[in-house]
Amino acid sequence: MNTMVQTQIERALFAELFGFALTDPQALEQFHGQSMLGSDLLGLYTTTELGEQVCACGAMIPVLGVEAGYYSLIVRDSATASLLADAPSATSSGWVLHVVSATVVVCGVGYLSRWNPNAATVRRITVPNGWYRATIAVGAPVDAADDYGLEVTLERCEEPPVFTADLSKQLAFTGNAS
């Protein structure tokens, strides 16, 4: 149960609609009680209370208000050092992530309007099953080929952590670190 998250880097992720979404597709199906393939999750989550509920239970983490451009995505364990080139320009903590299939997918927010976790443009990250407290940071990229760096730090928890994230927090690169 003490398995660490291996540091993984995905490059050239585009921030479609100024954001990203991270989810374990199976945890998302468990939340909804059915497959959501082809559904407009973006509309559903932005017009109902389900948006907050899906985040609070750890089925999805939205990363919103980021600058348009290409990102290096870093997913790492909280016990390892940051790989951002400098101190983050903006952070958001208090997120919950529940992994049940050992896979977390990452996509631009726009892909939620016609959900397909198997689309070629959706990136896959291997994360051991379990509960995680997550912190998101935006800063200088690890690779000069990308415009920005987006780092997701995961801390393993024995029980579901309490959701305390600010859903209105914008993570613009020019924002203030907090």
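A cavity, in the sense used for these views, is a set of grid points where a 1.4 Å probe fits but cannot get out. The model shown in every view is predicted.

View 1. Five strands make up an open sheet, in which they follow the order E1-E4-E9-E8-E5 and the pairing is mixed. The edges of this sheet are strand E1, covering residues 8-14, and strand E5, covering residues 90-99, and each of these two strands pairs on one side only. From one strand to the next, the twist averages 25°.

**View 2. The pairing of E1 with E4.** Strand E4, which spans residues 70-77, pairs with E1 in the antiparallel sense, and this pairing extends over five bridges. Within this pair of strands, Ile9 stands opposite Ile74 in E4.

**View 3. The pairing of E6 with E7.** Strand E6, made of residues 103-108, runs antiparallel to E7, and four bridges join the two strands. Here Val105 can be found opposite Arg124 in E7.

**View 4. The largest cavity.** The structure holds two cavities of 30 Å³ or more, and the largest cavity contains about 50 Å³ of space. Its lining is made up of Pro62, Val63, Leu64, Ser92, Trp95, Asp166, Leu167, Lys169 and Leu171. Strand E3, at residues 61-64, and strand E5 each supply at least two residues of this lining, and the largest share, three residues, comes from E3. Sorted by class, the lining of the largest cavity has six nonpolar residues, one polar residue and two charged residues.

**View 5. The second largest cavity.** The volume of the second largest cavity is about 30 Å³. Around this space lie the lining residues Leu22, Val75, Leu97, Val104, Ile125, Val127, Val152 and Leu154. Which classes of residue make up the lining of the second largest cavity? Sorted by class, this lining has eight nonpolar residues, with no polar and no charged residues.

Note on methods
Residues are numbered from 1 along each chain as its sequence is written. This is a predicted model: local features need pLDDT of at least 70, side-chain atom pairs count only at pLDDT 80 or more; totals for chains, interfaces and linings use all residues. Side-chain values use heavy atoms; hydrogens and water are left out. Two strands pair if DSSP finds at least two bridges between them. Axes are lines fitted to C-alpha atoms, for helices over the stretch in contact, and angles run from 0 to 180 degrees between N-to-C directions. On a 1 Å grid over the protein atoms alone, a cavity is a set of points where a 1.4 Å probe fits but cannot get out, and a pocket is an open set with protein on both sides within 12 Å along at least five of seven lines; lining residues have an atom within 4 Å of a point. Grid points are joined across faces, edges and corners, and a volume is the space filled by probe spheres set on the points. Ala, Val, Leu, Ile, Met, Phe, Trp, Tyr, Cys and Pro count as nonpolar, Asp, Glu, Lys and Arg as charged, and the others, Gly among them, as polar.
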